[in-house]
Amino acid sequence: MNPAGAHAPDTRIRVMVVDDSAIVRGLVVRMLESEPGIVVTATCSNGEMAVREIGRRPCDVVVLDIEMPVLDGLATLPKLLAAAPGVRILMASTLTQRNAEISLEALARGASDYIPKPTTGQLGGSAQFRQVLLEKVLALGRRKPATPAPYRAKGAEPAKATGWALLPAAAPRRPQIVAIGSSTGGPQALMSLLAGLPPGVDAPIVIAQHMPPTFTTILAQHLSRVGPRPGAEATDGETVLPGRVYLAPGDFHMELDRCGSTLKVRLTREPPENFCRPSVNPLFRSVARLFGGRAAGVMLTGMGSDGLDGARDLVRAGGSLVAQDEASSVVWGMPGAVAQAGLCHAVLPLAGIAPYLAGLFEKARP
């Protein structure tokens, strides 16, 4: 029992909203405060004001607009991170190619996530925007900064599991495909992973990253520049070739199929799975069906549990699965779901996943 007069600590997630439009600020504030677990501690009309306010009113998450006068979102970002280390920044932008490019640059500079923002006229009636906004703020606000586990490049071992079991090492068969699922924090993780993969990992790499159209186009361009593998947003019916990277386009599920001996991409607009399109599940299911024990799956940082069902199919078919660990994930939702379901052969820091995959290719029999 609490002593007389004692108050329980306020555990609500503290949010600052930064946007030059008073109408947008008001709507976003109302959406956020409709959730009992969130409190808005400050609102600002430009980045310069936000940098001053964050020192006076600490917060857990900042919803930061990109286009603002005085100091725009990209210029404000490093100043906020310097003033409040550990704060999570959620970039907000309308769906334009320029803003998609800026959003990805912001992620590379330390933003935690982004949210596509409807136009001012559409914002008030956007139930989907409200749902995604609340989900992202809650996920980021609940995630406390963690110290990444050290990774030893030689003799890498899976992180010690706590509360879940790792599967025995998969049969040493050289993978013919690498399938990756990711969401929140995924763009940064994907670029890091692909940059670290040696040339010996020469199978096709297929990726389902939760992102809207335009954003996936820009992300594919970024991914193609971080390593020796050519990469692009996948197109329906194209041939899947070794040593290339294929990213599912926004608003399409991506699956693989065979036409004779040729491996092809199949894009569909089947209903979303786990509220996602692209979803990781259809991709992993098709990979499991076509490749069985010759498939390697990777589950990177992401919110929710998308990919859990597909990962189960992949592992049952004999494929191997590695998940990013909690300490190095922006949100340990998707990798945590497969780890806690006992589907992983390894749970590793992000820095350990490329060497782990390389090992599958180097040690396995052809």
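Contact here means heavy atoms within 4.5 Å. The model is a predicted one.

**Ser93 and its neighbours**

Start with Ser93, which sits in strand β4 (residues 88-93). Its relative accessible area is 1%, so Ser93 is buried. Setting aside residues up to four places away in sequence, Ser93 touches Ile66, Asn99, Ser103, Ile115, Pro116, Lys117 and Phe215. Two of these names, Ser103 and Phe215, return in the next section.

**Two helices that cross**

Two packed helices are described by the angle between their axes and the distance between the axes. Take helix α4 (residues 97-108) and helix α8 (residues 215-223). Their axes come within 9 Å and cross at roughly 50 degrees. The two helices are therefore oblique to each other. The crossing of α4 past α8 is right-handed.

Which residues make the contact between α4 and α8? On the α4 side they are Gln97, Ala100, Glu101, Ser103 and Leu104. On the α8 side they are Phe215, Ile218, Leu219 and His222. Sorted by class, the contact has five nonpolar, three polar and one charged residues.

Helix α8 is largely enclosed by the rest of the structure, because seven of its nine residues are buried. Those buried residues are Phe215, Thr216, Ile218, Leu219, Ala220, His222 and Leu223.

**Two cysteines, no bond**

A disulfide is a covalent bond between the sulfur atoms of two cysteines. How many disulfides does a search of the whole structure find? The count is zero. The cut-off for a disulfide is 2.5 Å. Cys59 is likewise in no disulfide, and its nearest cysteine sulfur is that of Cys44. Cys44 counts as buried, at 1% relative accessibility. Cys59 is also buried, with a relative accessible area of 9%.

**Residues in loops**

Now look at the loops. Ser224 lies in the loop between α8 and β8 (231-233). Leaving aside neighbours within four places in sequence, Ser224 is in contact with Arg229 and Gly231. Ser224 is 21 residues from Val245 in sequence, but their C-alpha atoms are 7.6 Å apart in space.

Val240 is placed in the loop between β8 and β9 (245-247). Not counting residues up to four places away in sequence, Val240 touches Pro204, Tyr246, Leu256, Leu263, Lys264 and Val265. Val240 and Thr262 are 22 residues apart along the chain, with 7.8 Å between their C-alpha atoms.

Is Val240 buried or exposed?

| Residue | Relative accessibility | Class |
|---|---|---|
| Ser224 | 26% | partly exposed |
| Val240 | 7% | buried |
| Asp251 | 24% | partly exposed |
| Asn274 | 38% | partly exposed |

**Backbone details**

Asp251 lies in the loop between β9 and β10 (253-259). Its phi is near 75 degrees, a positive value in a residue other than glycine. Asn274 is found in the loop between β11 and α9. Phi of Asn274 is also positive, near 55 degrees, and this residue is not glycine either.

Where is the place of Pro278? Pro278 is in the loop between β11 (262-268) and α9 (280-291). A cis peptide bond joins Arg277 to Pro278, with omega about 10 degrees.

Definitions and conventions. Residues numbered from 1 in each chain as written. Predicted model: local features only at pLDDT ≥ 70, side-chain atom pairs only at ≥ 80, totals over all residues. Heavy atoms only, no water. Buried < 20%, exposed > 50% of the residue type's maximum accessible area, 1.4 Å probe, protein only. Axes fitted to C-alpha atoms, helices over the stretch in contact; angles between N-to-C directions. Helix = DSSP H or I, 4+ residues; strand = E, 2+ residues; numbered from the N terminus. Parallel < 35°, antiparallel > 145°, perpendicular 65-115°, else oblique. Left-handed = near helix turned anticlockwise from the far one by under 90°. Nonpolar A, V, L, I, M, F, W, Y, C, P; charged D, E, K, R; others polar.
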